[in-house]
Amino acid sequence: MDRQIMQGNAAFARAASDAGVRMAAAYPGTPSSEILRDIAAEYPEVYAEWSPNEKVALEVASGASFAGARALACMKHVGLNVAADPLMSLAYTGVKGGLVVLVADDPFSHSSQNEQDSRNWARFGKMPMLEPGESQECYDFMRVAFDISEQFDTPVLLRTETRVSHCDTLVELRDKFVPERPLGLDKKEWTKYVMVPANVRPRRLFIEERTKKLADFADTFEYNRMEINDTKIGVITSGVSYMYTKDVFPEWSYLKLGMVWPLPKKMIADFFSKVEKVIIVEELDPFLETEIRAMGYEIFHGKDVIPSVYELTSEIVEKSLKGDEYKASEVRVKPEDLPRRPPNLCAGCSHRPLFYALKKLGAFVFGDIGCYTLGAAPPLNAVHTTVCMGAGIGQAHGAMKMLGEEGLGKVCAVLGDSTFLHSGLTGLMNVVYNKGISTTIVLDNRITGMTGHQEHAGTGFTVRGEKTNMVDYEEIGKALGVKSIRKIDPYNIEETMAIVKEEMEKSEPSMILYTNAPCMLLRREKRAFEYPLYAVDNDLCRGCKMCLDINCPAISWRAGEGQSADGHKRKGTAYINPDQCVGCQVCAQVCKFESIKPVIK
Amino acid sequence: MKENKQITNIFLSGVGGQGAILASNILAEVFIGAGYDVKKAEVHGMAQRGGDVTTHFRYGERVYSPLIKQGSVDFLLAFELLEAIRYINWVKPDGKILINNQKIFPPAVNLGTAQYPDDIVGTFKSYFKDNVYVVDGGEIAKKVGNIQAANVVLVGAFSNFLPEISDEQFVKAIKSLLAPKLHDLNEKAFYEGKKAI
């Protein structure tokens, strides 16, 4: 028996390979990013690509499916919003090779801009959805999802979440499946794939029929499972919610749903006949509860006690269901009294000097999704909106259209290189087309940073590290019609401020690009600074704390009354940790007293 | 599978880059090898950016929840003092605590806007008496030959809490996870850690 411990995402990747998947496409997003990384690294027989966004990834995967191959598209929950357009019509076209759309939710928004319950897509889009709760199920459900997809001619949604994707549990592997279907496109299938009204209408009926068949299938589906123990209380649940509830109330009976859409009506009826009272435990929305109530059943407890916000834990399930009988554990120290350890831009990060410059210019900054979102936190406070990928460009344009000349010199949009390619181009094209006057700064650090260094069309490498074409951002800007395109070295604060100010003041669209400012963690492009290390000259430091305003992890405050060599009283001095300093010189430029100087490492 | 239906909860906490992940991987190898079901949930989304890192580690006959309930930690293994006290409420009254004697200041302390808590070990001892152990993992690792092995020193010290697992099982697990050239150093680090408490 081959049992090994695997992260949920690693189990998904292995299962894709073992299910005979030929195509995997994705755009990175926590907590889904490791799946494509692992497929690319471990399973060479699977074609793998980072697509520029989730919509393209799903389109690529569906093309492979139409050609007869088993295909997988992976994304985080907000990515499925981007991919929703093809998804909703792929529900009509159906598939040839199995097509699985993996969507990773993030209850509690550990690293996301919102908290969506992707189960709603299944009902909305009329497609089946499977929901694993631990790595073994990640492995099993991915495999069975492809069988369901082909058997019922439908895309299958596979829903995971942070605590499933990023948890390591034991997995027993099974034999590899090799699909026998030859690859090829068939023109005769156009009535299935061309979604014009005459074809849509019969496919609409097909979907209704398919959903009925799937609901019947759900009644016999091996991963919809009843566990009858104490019959006083029966719990209907799924995924990781089952794990939390079973942990606290092992004695109760369970109907654990592996398929959360469509629901197994006969099995639910059977469960209600076997237990006295039914509790529904589910994270986020009352998805199962709404449906089961609509079937006419009476629910003992559901969202009346189980929270609809944030993630669940065993503790929350226990507290919610025990009510007054719940005994909280002893509070010895209040965690809120302790200093937090929030994430920060790295020492030497190119975003830090840019945000310092934007703050000094007093700009309102329309932000985006990425490491640079960290620029919103104090003491930088330099980013003022974050909505979704690509949003900042359109928003800055909209704001400037309203503010007109009044807004000149005060507004800009910032977004990363990967984000710009994901969904910034159309926004920038629109600025030019509609005679906008906004400024767009592309923080090109040569990689997708926040999600852990994924390649994209601007890095010059594929997911497997092969050399490929590298997008030229300046040429894109020109092609879109931007006349004023400038380059900045963000590490030169004075020059950056001058250029950004000039561009923000212009009554025309501007585009500003980073030059030579790769991510500090990107080894292959590591920027060499003139001097590798800076230190504070204690004779000159006046303890003004200006350098602390840039929030560099290498700089700290050392309290202590005293005075500088030239007699200025001070309450302490700044200190640069030589283990963390990389020599970016940003603090040296911020210091007004020239007390930060290069030293020998 | 083990007869014991009890689930044991180990909580690991530290700061990104301290090697807590390797430590939890060693524990996983050890307990899977001993026939247990294991669940390990890491929270490290932004660890590269200096955030805190925690691992919920659970083993037993069949583990359901990937997350430990507050107040039910059997063993707290903390790689840093502030990251130890942050989770003091998670430990059950008779739980055992192993703390690496290292302070890494968070930004607010660096900026002088917050205080690093005083006498963290004393606070632990006031609740957990003799069940609190402090090890200078970095110092021991330096003596062994490389400060990077501090995490394995801590695993060595921690192994005293788990008498049912032999030293050989630990050393085997450590070797299975590290490149051969690191085997001798880390084996030494394990045994020095073992002696440290």
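## Terms and basis

A residue is called buried if 20 or more other C-beta atoms lie within 10 Å of its own, exposed if 12 or fewer, and partly exposed in between, with C-beta atoms placed from the backbone. The model is predicted: local features need pLDDT of at least 70, side-chain atom pairs count only at pLDDT 80 or more, and totals for chains, interfaces and linings use all residues. Residues are numbered from 1 along each chain as its sequence is written, and chains are lettered from A and ligands numbered from 1 in the order in which they are written.

## Positive phi and cis peptide bonds

Ser109(A) counts as partly exposed because it has 14 C-beta neighbours inside 10 Å. Although not a glycine, Ser109(A) has a positive phi of about 50°. Asn516(A) likewise has a positive phi, near 50°, and is partly exposed with 14 other C-beta atoms within 10 Å. Most residues other than glycine have a negative phi, and most peptide bonds are trans.

A cis peptide bond, with omega near 5°, leads from Thr30(A) to Pro31(A). The bond from Pro378(A) to Pro379(A) is also cis, with omega near 5°.

## An enclosed helix

Helices (H or I, at least four residues) and strands (E, at least two) are DSSP runs, numbered from the N terminus. In helix H1 (residues 8-18) of chain A, 9 of the 11 residues are buried, so the helix is largely enclosed by the rest of the structure. Among the buried residues are Phe12(A) and Arg14(A). Just after H1(A), Gly20(A) takes a positive phi of about 80°.

Strands pair if DSSP finds at least two bridges between them. An open sheet of 5 strands in chain A, with parallel pairing, has the order S14-S15-S16-S18-S17. Strand S14 (364-366) and strand S17 (484-488) of chain A stand at the edges with a single partner strand each, so one side of each lacks a neighbour in the sheet. S14(A) is joined to strand S15 (residues 411-416) of chain A by 3 bridges, and Phe366(A) stands opposite Ala413(A).

## The contact between chains

Residues are in contact if their C-beta atoms, placed from the backbone, lie within 7 Å. The contact takes 40 residues from chain A and 41 residues from chain B. Strand S8 (167-172) of chain A is one of the elements that each supply at least two residues of the side touching chain B. S8(A) pairs with strand S2 (residues 37-43) of chain B in the antiparallel sense over 3 bridges, with Cys167(A) opposite Ala41(B).

Terms used
Contact = placed C-beta atoms within 7 Å.
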